[in-house]
Amino acid sequence: MSYTKGRSCVKEIKLLSFRFALFLLLVVIITPVFFLAHLQPNNRAEVFFPEDAPVRVLEKELRQQFPEDDVLIVLFSSKQAYSDDYLEVFESIVSELERNPLIERVISMTTMDHILGSDDGFKVESVLKKDEVQHLSEQQRLERVIQDRFAPGRVVSIDGAYQALIIRPVSLKSSLDNAAIETFTRKVITEHGLMSDVVAIAGNIEIEVAMFETMLDDNMRFIPATIILGIILLWWLFRKILPIVLVLLFSLVAVNSALFFVVILGQPFSMPVSMITPLLTSLCIAFFIHFFNAFLQATTLGYQGITRIKRVLAEVERPVRFTVLTTMAGLISLGLSPLPPIQTFGYAAAFGLLVLYFLVIWVLPPLLNRWDKGDWQTKSSGMVSLNRIIINSARLSIRYAGFVVTGVVILLLLGGTQLLKVKAETDLLLYFPQQHPLIVSDHLISQKIAGTTPLEIIFDGVGRDSLKEPDVLKEIKSIQQWVQALPEVDTTISMVNVVEEMHWAFHSENPKYRDVPDSRSIISQYLFIYDGKDLFDLVDSEFQRTRLQMSLNVHGAREIRAVMEKIEEHLKSQPVQLKWQFAGGARMFSDQEKLLIDGQLKSGAGAFILIFLCLAFFWRSFKPAFIAMLPNISPIIFIFVTMGLLGITLDIGTAIVLSVAIGIAVDDTIHLYDAYLRRVKIGVQPVIALMRAYRTAGRAVFATSIILCGQFFFLAFSSFIPTHQFGLMTGIGLLAALVFDILLLPAILALGIKQAKKA
Amino acid sequence: MNYFNKTVLLGCLLLVFGSLYAQEFKDGEALATAVYNRPDGDNSISIGTMVLVEKGHKPRIRQMYTFNLDLGNGNKYMMIRFKKPADISNTGLLTLDYEGDKETDQWVYLPAINKSRRISTKRRGGRFVGSDILYEDLRDRPVDMDKHRILRKEKLNNMETIVLESIPVDPENSVYDKKILWIHPETLLALRVDSYQNGSKEPVKRVLARQIEKKQGYWTVMKSIVRDLKTHHETHLQINKIKYDQNVPEDMFSLKYLEDPQREKVIIKQLSGK
C-alpha cells in the first residue's frame, strides 16, 4: 500500500490484499501470546529504582549480609495468649510457616532470643517457648515477655495484650511470591483455629499483596468497564456492530503487543505498566472514531466500496500518522524518567501505539472492504448532534478572540499559585483509602506495637572485627540513645543491645553490667559464644558492618525526610569515626521522591520538546508548531493547578499523566489545525477554512475527547489511589485540552488572521 | 594431592584392606549400635583447626585442643579449649554426658571475665561458636534415642556404604527430624551425614568425611566438612594431631580445669610426645 499527498491522489492508494491483511492480523494476535506467560507481576520496592541507584545498590549489598527487610506482620489479641495450649498452637503455626521454602524465619514471642543469666548460668532462650517456660504461670509468662529487653514494641505490645508474628521471607523475586506467602500464612493460621484472634495484617508484603490485588482488580473490573463505556459511546456514534468488534480485537492486540514489549525489555508487570491497558484501549477507540468519522463523511458524499476506503485513508492517514508520532513522543519522553516502571510504561505503550497505527492504517482498510456490508447511518447517528456544539463554540471563540485569550491567561495566572502546592509522595500506604483494611491494620500495629516505617543507619567499621572495639560500640550506643529520644522514633535496636544483654546475663543480671564492656576481649568472647539468631540480623559475619534499626511512626516522604535530616544534622555535629548511611524502606521512599520529581521534570520537558519538534517537522515550520503547542500547555498547567487545589500528590500514577495527557491532547490540535492549514493551502479564506476545519474534524475531536475523558474518569472510581488519580487527572487534562482546542485555538488563530489582515 | 584424590586413594585402600573386616548387619539398630560402640579409645587428646568458610570472605581460622574421656555406659566427657585467635584464646567448653536420662551438663568459660557459666542444654539448636555445628551435635546420642533403618547399599566415592536412616523416637529431643548416614561398614565411620529439619524434604546440612586415617589402631576422621545447605556456609574441621589412651584424668573435666587453662598443659605435652 502506498500513499501520496492530497485528496487528488485517492486512486493511487493501494490496499493490501484481504488475505495478507488477515495473515498480518493473525501474526500480531498470536506472536505476543507466546511471550505473555513470561510476564512477571512485580511491585516490589526495588523494581521502582534504576539498577545503579545508590539505594538499590546498597539494598543489594545489604541483602547479601542481612536478611530481608520486607516482612508480613500478623497481630493477634487473645486473653489466653500465655496459656500452654495457646503457646503450643502458636509454636505449631511458626514451625509450619518456617517449613515453607519461601519463608526464611518467623519472629515471634516463641522464637525471639531471650538472654538471661543466674548465679552460675547463662542462657539464650526463646522469650516464651512452651517447653522453656512450663514452670511459669500465665502471669509470670506475661511478666517475662513484657520485661524482656527486645520483645515489647517488636513481637508484643508494651502491656503484652497484643502478640505479633513477623514473617520474614527468603529473597523474593516477584509479587506472586509475596501473595503466596500471605495466602499460606492465612491458611496456616485458619487451620490452627487462630484466625478469629487476628486483629491486623500489615507490613510491606501485605502492602505489595494489596497493590497486586488492586492492580488485578482494576484490570479485571475497571479496565473492562472503561472498554464497555467506550463501546457504548461508539455505538451511540455509529450504530454498527463491526466497528465495535474491530475495536475490541484491535485493542486486545495493541495491549498484548505492548505487554510483549514489556517482556522483551525484561521488565516486570508493575503498577504503572498496568495503566497501558486503559490507555491503549482509549487510543484505539480514538483512532477508530477518526477513521469512522471520515468513513461517515465519505458515505455522506456518496462514495462507496473501495473508493470510499481510499478516500478515508487519504483524509485520515496523515493526521493519524502525526498524532501517533506525537503521542509516541509523549510516551517515549517517559524514558527520561529514572524510574524503570515509568520508562517501561512509556516505551511499551509507544510500541503498542505503533502496532495500533499499523493495524488501523494498513490492516483495517482491506478488512473493512471485505466485511463492511451494511449501511452507515449518516443522519441519526450521534456524530451529527455534536456538530452544533463545535460550530457554535468555534464561532463564539473567533468572534471574541481577544476576550477568550485574555480570559484564559488570567485564569492560568490565578491558578499558577497552586503549582507550588503540588508535592511528591512515595509512601505506598498512601496509595490506599483510609478505610482500607491495610491502613486500619497499619494504624493498629503502629498504636499497639510500634510504627511500621523501617529506617536504618548502616555503620561501616574499618576492617574485619572492627565492631568488636568498645569505643565503636559506645559510639553506636550514643547515637542510638539520641535517635530513640526522637518523637518520630518508636523503637530502636542494634548489636549494642545484644552485647549489653550478654554482659548483664554473664554478671548474674546485675543492672550495672547492662552496658558496653570496656574490653575488646570480653566483647569478642561474648560474640564468639553467642548462639542465638537475632544478633546476625544486626551485624554481618565479618563484624564490620552493622545496622541500627528504627521503627518510625510517620509515613510520607516529607515526614520521613525530615526525620532523616534531623539525624543527619546530629551525626554531622558529632565526631563519628564510623562511616554511615541510611537504608531501609524509609530511605527508599525518600530517594524515590527525588527520582519522581526529577523524572517528572525531565519527562515533561522531554515531551514538550519532542512533540514541538515533531510538529515543526510535520508542518516544516516552527510557527504552526508553536501555535499548536499553546492550547496544550494550558491543560498541563490546568492539571497541576487542579492537583494543587485538590491536594493530589505527584506519585507513581500521576507521574505519567503529564506525558500521556500532552501526547494525547496534542492529537486533537493536530486534527483541527492540519484540517485548517490544508484548506488555507488550497486557497480557502482563513476564517472559512477555520470554520470548515472545525465542522469536519471538530466533531471527531469532540467525540474522541468525550470518550477518552469518560474512560479515564471511570478509572477514578478505582479504590487504588494512583489509578484513581491517573484516571482523574488524565481525564481533567483531556477535558481541559478539548475546551482549549475548541475555544483557545480558534481564538489564537483568529487573532493571527486579524494581525495578518492588519499587516 | 587434593581432597578428592586423597579420598579416592583412601577408598581404594579401604576396599582392599577393609573388606577383610566386612560384616553384615541384620538391621538398622544393629548397625547403629555397632557405629556407637565403634572402638575409639577410652580417652583422647587432639589439636585441630576449625575453619569457617563463607563465600566472599576470608576464612576464620581457630585452633583448639579437644580432650575426650569415655567412662563407659554413656558417661562421656569432652572439653574444647580454643587457642587462636588471640582475642578468644583459652575460651573453653565443657560437656558432660551421663548415662540414662540425666540431662547433659555444659559450661562455657570466658577468660576475659574469668568466669564460667552453665549453658542451657535444652537449647539444642544453637550454633556452636558461630560454626555450622549445633550444640546438639557435640552431645552424645545413645542408640535408643532414634529409630534406625537401613535404606540401601550405595557407593560413595568408590566406597561401599550402607545408608542408614535415623529418626528421633521423641521428636522433642532433637532439632533434627531425621538423619541419613552413609556408613562405611569396615571402619564404622559415617562418611556422609545429611540432616533434615522442620519437615524439609531436602537436607539442610551435610557432613562429609574428607580424610580418614587409622591412628593407634582407631579409625579417625582427620578432615571433615560441615556444610549448611541453605546458606552454603561451611565449617572445615581438621585434626592435626591426635593421641588416644593417654591417661587423661577424670578431674580434668571439671570447672576447676575449665577455669584454669594452665592445668591442662601437662596433658597437652603428651600430645607432642615430650
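Two strands pair if DSSP finds at least two bridges between them. Strands here are DSSP runs of E of at least two residues, and helices are runs of H or I of at least four residues, numbered from the N terminus.

This is a predicted model, in which local features need pLDDT of at least 70 and side-chain atom pairs count only at pLDDT 80 or more, while totals for chains, interfaces and linings use all residues. Residues are numbered from 1 along each chain as its sequence is written, and chains are lettered from A in the order in which they are written.

Q: What makes β4 (residues 121–126) of chain A and β6(B) a pair?
A: DSSP has to find at least two bridges, and 2 bridges join these strands, which run parallel. In one of them, A:G121 has B:R118 as its bridge partner.

Q: How do you know which strand gives the most to the side of chain B that touches chain A?
A: Contact requires C-beta atoms, placed from the backbone, within 7 Å. By that rule, 25 residues of chain B are in contact with 24 residues of chain A. On the chain B side, β6(B) gives the most, with 4 residues.

Q: Why is α9(A) called roughly antiparallel to α23(A)?
A: The axes, lines fitted to C-alpha atoms over the stretch in contact, cross at roughly 160 degrees on a scale from 0 to 180 degrees between N-to-C directions. Angles over 145 degrees count as roughly antiparallel, so α9(A) is roughly antiparallel to α23(A). These axes come within 9 Å.

Conventions: Two residues are in contact if their C-beta atoms, placed from the backbone, lie within 7 Å. Angles under 35 degrees count as roughly parallel, over 145 as roughly antiparallel, 65 to 115 as roughly perpendicular and the rest as oblique.
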